[in-house]
Amino acid sequence: MSAGSCSYYSKLWLRNSQFGMRGLTNYSLSCCVNSLLQTLSATWELADILEKWATADLKLDGRNVPLQLKKVLAAMRSDLPQPAPHRDFLNCLDRNYIRLNIQHDADEVFLSILNLLQQQVNDKDLALEIQNLYKISVETQLQCLECNTVQTRSTYLVSLPLHIKEDHNSLENCMVSFFEHQELKGANSCFCSRCGTRTPSRQGVKLHSLPQILCIQLKRFRNTSGSTRKLDCTVTFPETFNFSTFLQDAFSANFSQGDCRYSLYAVVVHCGCAGSGHYTAYVRNRLSEQWYYADDSHVQQCCWKDVEETYGGRYRHRD
C-alpha cells in the first residue's frame, strides 16, 4: 500500500437532486471498491455524465467498466432496503486486472477506475468531461541553483497526494507544504541542460486551474528499511474551505478562477495497519446535508463530529 485515504470536495454549488443510499455486500474483500462506489454514487456530476452516454446500442460487455458503473450507480440511487447488486461491476473490474480477493489501496483503485472510464467511454466528448471533472492543471518549475535556469512544464493531476508529518497535522498545512518549494540536492539532484550535469535544484508547483471535484489523498504509509508502516497521527480537516484564503501563493500568473470554495461530501476511510485493514466511507446526502456512515451493507446516519474524529487518535482513527 502507498496511500492512506481519500477525501472528496466539491465546489460550493447548489444541489437539487434527491440522493438515496444503499449498502453494498462485501464479496471477496470488496470493502475498498464498496467504499469508492459510495463516493461515486454521491458524485452526482459523474452520474449525470454517464446518464448522457447513449448505451442502448452497446452490446452487454462484461469488460466495460463505465457501462457496469452506470448500472450499479442507478441501482444505488433506488430506495430499496436491501444492498444494491454490484457483483457484475466487481467481476468487470477483475477482468480489467483489479483483482478480487486482494487487499487494494483505495487511491490506486480510484485512479484505475477513472482511467478505465476515460478509455472505455466511446463518446470522446463525454470521456473528456469525466477527465475535466477531476483535472487539477499545474505547472512544475525546476530552477538550477548553479546557473538559475528555470525549466517549466504544464501537466495535470486528478488527486492531490499530501504527505503528513508524524505529529499533529491540518489539511490546510498539508496543502501549504505540497506547494512549497523543495531543494533537490545530492542523489536527488536533477540534470541541467545548460550546465551539462546534475546540479542542485529548487522545485515547485503552481496551480493553473482547479477542478469541480477535488480529490485529496492523505499519504499515511511510510517505507523504512524494506518495511511499511502506517502513521498514527491526527489530521484535522474542515467541512468547507477556500483556496483563496491560504493558498494564493500557489496560483500561477495565468490562474483566473474567481470562486475557489469547496465543500466536503465524502471520505474514504482505512482502518487497520499497513499490511491489512478494512475500508468504510462517510458520505453526505446532497439534499438533506445529513452525513451517513457506510460499512459495506450497513449504512447509518452520523453527524459531522463523527466525520471530524475519523482522523484522530491511535485507536479512533480509521484512515
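Trainee: How does H2 pass H3?
Mentor: H2 passes H3 in a left-handed crossing, meaning that the near helix is turned anticlockwise from the far one by less than a right angle; clockwise would be right-handed. Helices here are DSSP runs of H or I with at least four residues, strands are runs of E with at least two, and both are numbered from the N terminus. This is a predicted model, where local features need pLDDT of at least 70, side-chain atom pairs count only at pLDDT 80 or more, and totals for chains, interfaces and linings use all residues. Residues are numbered from 1 along each chain as its sequence is written, and side-chain values use heavy atoms, with hydrogens and water left out.

Trainee: At roughly what angle do the axes of H2 and H3 cross?
Mentor: Roughly 115°, and the axes of H2 (residues 44-52) and H3 (residues 65-76) come within 10 Å. Axes are lines fitted to C-alpha atoms, for helices over the stretch in contact, and angles run from 0 to 180 degrees between N-to-C directions.

Trainee: Which residues meet there?
Mentor: Leu46, Leu50 and Glu51 of H2 meet Pro66, Leu69, Lys70 and Leu73 of H3, with contact meaning heavy atoms within 4.5 Å.

Trainee: Switching topic, how many aromatic pairs does the structure hold?
Mentor: Eleven. Rings of Phe, Tyr and Trp (its six-membered ring) pair if their centres lie within 6.5 Å; planes under 30 degrees apart count as stacked, over 60 as edge-to-face and the rest as tilted. One of the pairs is Phe237 with Trp304, edge-to-face at 5.8 Å centre to centre and 90° between the planes.

Trainee: Which parts does the pair of Phe237 and Trp304 tie together?
Mentor: Phe237 lies in the loop between strand E13 (235-236) and strand E14 (240-242), and Trp304 in helix H9 (residues 304-308), so the pair ties together parts 67 residues apart in sequence.

Trainee: Is Phe237 buried or exposed?
Mentor: Buried, with a relative accessible area of 10%. Trp304 counts as buried too, at 19%. Buried means under 20% relative accessible area, exposed over 50%, partly exposed in between (1.4 Å probe, protein chains only).

Trainee: And which residues form one aromatic cluster?
Mentor: Phe241, Phe243, Phe246 and Tyr262.

Trainee: Last one: what sits over the ring of Tyr27?
Mentor: The charged end of Arg87, 4.2 Å from the ring centre. That requires NZ of Lys or CZ of Arg within 6 Å of the ring centre and within 35 degrees of the ring normal. The charged end of Lys135 sits over the ring of Tyr156, 5.1 Å from its centre.
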